[in-house]
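Here are my notes for you, written so that you can follow along with the model open beside them. Take your time with each point and find the named residues as you go.

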Amino acid sequence: MSAADKTDQRPGRLADFIDGAWQSLPVVIASAPFGVLFGMIAVQNGLSIGEATLMSATLFAGASQLVGLEMFGQKIAPWLIVLSIFAVNFRHVLYSAAIGRRLRPWTRIQRIVGFFFLTDAQYAYSEKRAVVGRLTFSWYMGYALFLYVFWVAESALGAAFGNLIPNPYVLGIDFMLPIYFLGMVMDFRKRPLWLPVVGASAVASVVGYYLVGPPWHVSLGGAVGILLAAILTPGTRRGGAR
């Protein structure tokens, strides 16, 4: 058993789990309107309450779920639906590649489970956690399960009672999640090369939005930011370490 495994078995595992759950609370609140909105739209597109809830539980990807709903009811080739959902989720390829180095002390099963729960918020806050301390499986699952359970519950509530909300966009609650993600990006502002990487990513995303269109602009912006960071990062540091 490795030293990392022994450390993760300390009595503080429960404290890590609770800390992860507590820190997921802001995104749980911010994503609630989107979970309710998905449930409401799912029922309007012919899904039952149970089917809408099951879709959230098995996919756990809000944007892909909404794209699927828009395309399932139309006469579109299955391969095109799969390609569209892949395009929406392509950014997760970048997430998994970036966070993978943080998960090396975990077992194979832990990594497989962890990648299932790798949402946008999960990646951003896990990366932040890894910078200030050790990213344990207990903390990761505390954050992930709290977010997952509430997402599924919010979808069920939206499917059951969504018709009581006439228009969630009029209330401006759809803007809560982008603001939350902006705050997470700002948390990294003290890291080296933050400004040029974020600036290049933002410009590439905007250009991609107008030239290529959504959802590819998200992955394009991320790829440009990663490429610039790789180019600007010194190849060697003091002592010859990467």
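The numbered points below go from the overall picture to single residues.

1. Please be careful with residues 236–242, where pLDDT stays under 50 and the model has four contacts beyond four places in sequence. Where pLDDT is low, the predicted coordinates should not be read in detail.

2. Next, the overall fold. How many helices and strands does the protein have? There are 13 helices and zero strands, so the pattern along the sequence is simply α-α-α-α-α-α-α-α-α-α-α-α-α. Of the 242 residues of the protein, 36% count as buried. Look also at how the chain meets itself: among contacts between residues at least 6 apart in sequence, 75% join residues at least 24 apart.

3. Now look inside. In soluble globular proteins, nonpolar side chains tend to be buried together. Here the largest nonpolar core holds 25 residues, and Phe117, Leu135, Tyr140 and Tyr143 touch the most other members. Helices H3 (25–44), H7 (91–99), H9 (120–132) and H10 (137–161) each supply at least two residues of this core. Which helix gives the most to the core? That is H10, with 10 residues.

4. Leu135 deserves a visit of its own, as one of the residues that touch the most other members of the largest core. Leaving aside neighbours within four places in sequence, Leu135 is in contact with Ile99, Arg102, Leu103, Trp106, Ser126, Arg129, Ala130 and Tyr140.

5. Ser24 sits in the loop between helix H2 (13–23) and H3. Is Ser24 buried or exposed? With a relative accessible area of 0%, under the 20% cut-off, Ser24 counts as buried. Beyond four places in sequence, its contacts are Tyr143, Phe146 and Leu147. You have already met Tyr143, among the residues that touch the most other members of the largest core.

6. There is also a pocket to explore. The second largest pocket has a volume of about 160 Å³. Residues lining this pocket include Thr58, Phe60, Ile85, His92, Phe115 and Thr119. Helix H4 (49–59), helix H6 (78–89) and helix H8 (108–116) each supply at least two residues of the lining. What kinds of residue make up the lining? Seven are nonpolar, five are polar and none is charged.

7. Helix H6 also contains Ile81. Ile81 is buried because its relative accessible area is 11%, and the cut-off for buried is under 20%.

8. Finally, compare Glu70, found in helix H5 (residues 62–72). Why does Glu70 count as partly exposed? Its relative accessible area is 45%, which falls between the 20% and 50% cut-offs. Glu70 and Asn45 are 25 residues apart along the chain, and their C-alpha atoms are separated by 8.2 Å.

Methods:
Residues are numbered from 1 along each chain as its sequence is written. This is a predicted model: local features need pLDDT of at least 70, side-chain atom pairs count only at pLDDT 80 or more; totals for chains, interfaces and linings use all residues. Side-chain values use heavy atoms; hydrogens and water are left out. A nonpolar core is a set of buried Ala, Val, Leu, Ile, Met, Phe, Trp, Tyr and Cys residues joined through side-chain atoms within 4.5 Å. Buried means under 20% relative accessible area, exposed over 50%, partly exposed in between (1.4 Å probe, protein chains only). Helices (H or I, at least four residues) and strands (E, at least two) are DSSP runs, numbered from the N terminus. Contact means heavy atoms within 4.5 Å. On a 1 Å grid over the protein atoms alone, a cavity is a set of points where a 1.4 Å probe fits but cannot get out, and a pocket is an open set with protein on both sides within 12 Å along at least five of seven lines; lining residues have an atom within 4 Å of a point. Grid points are joined across faces, edges and corners, and a volume is the space filled by probe spheres set on the points. Ala, Val, Leu, Ile, Met, Phe, Trp, Tyr, Cys and Pro count as nonpolar, Asp, Glu, Lys and Arg as charged, and the others, Gly among them, as polar. pLDDT is the predictor's confidence in each residue, from 0 to 100.
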